[in-house]
Amino acid sequence: MIFNVSLQTGEIPEIWKFASVTPIFKKGSPSNPANYRPISLTCISCKLLEVGVKEAILTHLLTHGLINKHQHGFLSNKSTTTQLLESSRDWNIALSSRLPIDVIYLDYAKAFDSVVHTKLLAKLSCYGINDRLLTWIRSFLTDRKQYATVSSCFSPVCDVISGVPQGSALGPVLFPSPVYNLC
């Protein structure tokens, strides 16, 4: 019932907008804070609803041809591993045919943290996401709060003014991917 009310009103309970940010070590010196990835641990109830919203958005994007068929990472049966396998196959075919190959690697530092909400919502609207769902997504993204947790210590709560929550079920779909067809 809570999920239905949330979707009908476009409102998310405030408690669902709190995230505990936990630093996950990547590589390098453990004493360097830059070597940690912040992961937002969010409300389990919200994550369950996010899964349903994610499926609805993906169905819409796929039905209307708004996602490139070569997109990997968040589609079913299309992981970053399958992307690497597909790329390797393409490179092997090109090398066997003595064709030139150009590969460009991009790593957007803090990409999930830099998403501007108004631009993301405008892009989703352009893709035909209905107003009720856009209102819900706006509520999901805005007025979020977070605090950092290290061992048993907690930082003060602060506002989140941009970005898509890392660790959320909906985040990878909302992250504005360059392989979406343009509006």
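**Close-up 1. Glu86, a buried residue without a salt bridge.** In this predicted model, Glu86 is buried but makes no salt bridge. Lys78 is the nearest side chain of opposite charge, and it sits 4.4 Å away. Setting aside residues up to four places away in sequence, Glu86 touches His70, His72 and Lys78. As for its place in the fold, Glu86 belongs to helix α3.

**Close-up 2. Helix α3 from end to end.** Helix α3 runs over residues 80-96, which makes 17 residues. From first C-alpha to last it reaches 24 Å, close to the 24 Å expected at 1.5 Å a residue.

Close-up 3. Which residues of α3 are buried? They are Glu86, Ser87 and Ala94. These three lie on the same side of α3, because they cover an arc of only 100° around the axis. Turned away from that buried side is a face with the exposed residues Thr81, Leu84, Leu85, Leu95 and Ser96.

**Close-up 4. A salt bridge between Arg89 and Asp90.** The count for this model comes to 2 salt bridges. In one of them, the side chains of Arg89 and Asp90 meet at 3.1 Å, N to O. Buried or exposed, or something in between? Asp90 has 37% relative accessibility, so it counts as partly exposed. Arg89, at 48%, also counts as partly exposed.

**Close-up 5. A salt bridge between Lys145 and Asp159.** Here the side chains of Lys145 and Asp159 meet in a salt bridge at 2.4 Å, N to O. This pair ties together distant parts of the chain: Lys145 is in strand β3 (residues 144-150) and Asp159 in strand β5, 14 residues apart. Lys145 counts as partly exposed because its relative accessibility is 28%.

**Close-up 6. Ser155 in its loop.** Look for Ser155 in the loop between β4 (153-154) and β5 (158-160). Leaving out neighbours within four places in sequence, Ser155 is in contact with Tyr147 and Ala148. A polar atom of the Ser155 side chain lies 2.8 Å from the backbone nitrogen of Ala148. With 30% relative accessibility, Ser155 counts as partly exposed. For a sense of scale, Ser155 and Lys47 are 23 Å apart in space, C-alpha to C-alpha, and 108 residues apart in sequence.

How values were computed
Residues are numbered from 1 along each chain as its sequence is written. This is a predicted model: local features need pLDDT of at least 70, side-chain atom pairs count only at pLDDT 80 or more; totals for chains, interfaces and linings use all residues. Side-chain values use heavy atoms; hydrogens and water are left out. Helices (H or I, at least four residues) and strands (E, at least two) are DSSP runs, numbered from the N terminus. The expected span of a helix is 1.5 Å times one less than its number of residues. Buried means under 20% relative accessible area, exposed over 50%, partly exposed in between (1.4 Å probe, protein chains only). The arc is that of the directions from the helix axis to the C-beta atoms. Lys and Arg count as positive and Asp and Glu as negative; His and the chain ends are not counted. A salt bridge is a side-chain nitrogen of Lys or Arg within 4 Å of a carboxyl oxygen of Asp or Glu. Contact means heavy atoms within 4.5 Å. A polar contact is a pair of N or O atoms within 3.5 Å; within protein, one must be able to donate a hydrogen and the other to accept it, and residues adjacent in sequence count only if both atoms are side-chain atoms.
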